[in-house]
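Let's take a friendly walk through a protein model together. Have the sequence and the 3D view ready, and follow along one piece at a time.

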Amino acid sequence: MPEPRRIPLACLPTPLHRLDRASADLGIDLWIKRDDLTGFALGGNKGRKLEYLMGEALDQCAEVVVSCGSLQSNFIRQLGAACSALGLRCAAVGMHLPYDPPAGKPEGGIGDKGGNVLLDEILGVDLRRMPDGDWMDLFAAAHALAEEYRRAGKRVYEVPVGGSSALGAYAFARAAEEVGGDFDFVVTASSSGSTQVGLHSGFIGTRTRVIGIACDPEPELPNDLAALAGDLDRLTGRSLGLTPSDFDFRLDWVGPGYGVPSPEGNAAISYLARTEGVFLDPVYSGKAFSGLMALARSGALTGKVLFWHTGGTPALFAHE
Ligand SMILES: *Cc1c(COP(=O)(O)O)cnc(C)c1O
């Protein structure tokens with residue numbers, strides 16, 4: 001396949017280092033991949049995906065990029081910054097707490113002011129707030145917003161939630177190359193799926209097994225992961241043919257719901273700050289690390305383990 005166009009935005013490769021004190025405490029050889037330090041627009045895993053997504057937006061001569069997410073979306077913040085840097089307009093629909101209808105709307109949730117919402121305002125993102133509803137309502141509203149810009153005569157590039165298109169997954173297949181095959185396990189937060197799909201694909205052929213810790217109570221997510229892996233196959237011309245059961249996806253540490261901090265996640269945030277001086281976030285990486293801690297303490301996680309820190313720290317500053 002021709003290499004997709006890549007716009008350099010992130011500071012790569014991100015640092016990779018051992019967590020000595022946590023290793024001793026948890027009884028594993030624990031390392032961390034610092035994608036919280038991708039640099040651009042305060043960092044996070046979306047920086048890698050945006051390098052390729054913005055490449056496609058420019059290839060299509062887009063004037064406006066449209067997406068959606070929760071109000072505290074790290075993706076919208078980084079997308080807004082990427083659009084600024086490339087002279088494009090960024091428009092997005094945000095819901096405070098999108099939810100899955102079977103799980104229902106959870107109580108609580110991080111605040112809808114400060115944090116990423118403030119950063120979106122500073123960036124001048126055209127952020128349209130809509131009342132809470134399910135993810136499908138949110139995706140439909142984003143599509144309607146794209147149509148609004150098209151009717152106004154603009155060329156629009158639409159990006160799926162979290163940047164999880166084949167190009168987003170491709171970015172993480174490439175990210176795996178920064179690490180090599182030296183780990184027994186990689187543990188990462190998983191939500192819209194392209195981080196897990198990309199890493200899983202990228203580590204095929206090594207001994208490394210990727211575990212995705214869910215941040216969204218969506219038991220059907222492995223189906224989405226397999227569909228996205230199929231899109232990635234079509235992009236790369238490889239035929240990995242991954243199926244839902246190929247993905248190790250754990251729903252045990254979601255807590256009360258998407259965007260709602262969990263006691264275990266909050267404890268993990270304090271733990272890593274106090275043992276290593278590293279900040280996690282309440283929506284994704286804190287929950288993922290709480291899963292890693294539980295798996296290590298139960299003996300299910302052994303050997304050389306890499307925690308893939310996906311960022312999200314601006315959400316620590318969300319408030320009501
Ligand atoms: C988006 C995000 C994730 C989840 O990544 P996906 O590719 O959407 O599964 C994890 N952590 C943080 C901080 C994020 O912003």
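## A serine and its contacts

Two residues are in contact when heavy atoms of theirs lie within 4.5 Å. Keep in mind as you look that this is a predicted model.

Ser290 sits in helix H10. Is Ser290 buried or exposed? Buried means a relative accessible area under 20%, and Ser290 has 6% relative accessibility, so it counts as buried. If we set aside neighbours within four places in sequence, the residues in contact with Ser290 are Trp253, Glu264, Gly265 and Ala268.

## The sheet

Now find the strands. An open sheet is built from six strands, and you can trace them in the order S1-S2-S11-S8-S9-S10. Their pairing is mixed. At the edges are strand S1 (16-18) and strand S10 (248-250), each of which pairs on one side only. From one strand to the next, the twist averages 25°. As a piece of background, strands of a sheet pair through backbone hydrogen bonds, either parallel or antiparallel.

Which way do strand S8 (residues 185-190) and strand S9 (residues 209-214) run? They run parallel, and six bridges join them.

H10 lies across strand S2 (29-34), S8, S9, S10 and S11. Relative to S11, H10 runs at about 165°.

## A covered helix

Next, look for helix H6 (residues 166-176). How many of its eleven residues are buried? The count is ten, which leaves H6 mostly covered. Among the buried residues are Leu167, Tyr170 and Phe172, along with several alanines, including Ala166 and Ala169.

What does the covering? The elements over the buried residues of H6 include helix H2 (46-59), helix H7 (194-202) and helix H8 (221-236). Strand S7 (156-158) and strand S11 (304-309) are also among them.

## How H2 packs against H6

H2 and H6 pack at an angle of about 135°, and their axes are 8 Å apart. The two helices are therefore oblique to each other, and their crossing is right-handed. From H2, the contact uses Arg48, Lys49, Tyr52, Leu53 and Glu56. From H6, the contact uses Leu167, Gly168, Tyr170, Ala171, Phe172, Arg174 and Ala175. Sorted by class, this contact has seven nonpolar, one polar and four charged residues.

## How H2 packs against H3

H2 also packs with helix H3 (residues 74-86). Here the angle is about 45°, with the axes 10 Å apart. That makes H2 oblique to H3, and the crossing of H2 and H3 is right-handed. On the H2 side, the contact is made by Lys46, Gly47, Leu50, Leu53, Met54 and Leu58. On the H3 side, it is made by Asn74, Phe75, Gln78, Leu79, Ala82, Cys83 and Leu86.

What classes do the residues of this contact divide into? Nine are nonpolar, three are polar and one is charged. Before you move on, find Leu53 of H2: this leucine takes part in the contact with H6 and in the contact with H3.

How values were computed:
Residues numbered from 1 in each chain as written. Predicted model: local features only at pLDDT ≥ 70, side-chain atom pairs only at ≥ 80, totals over all residues. Heavy atoms only, no water. Buried < 20%, exposed > 50% of the residue type's maximum accessible area, 1.4 Å probe, protein only. Helix = DSSP H or I, 4+ residues; strand = E, 2+ residues; numbered from the N terminus. Axes fitted to C-alpha atoms, helices over the stretch in contact; angles between N-to-C directions. Parallel < 35°, antiparallel > 145°, perpendicular 65-115°, else oblique. Left-handed = near helix turned anticlockwise from the far one by under 90°. Nonpolar A, V, L, I, M, F, W, Y, C, P; charged D, E, K, R; others polar. Pairing = 2+ DSSP bridges.
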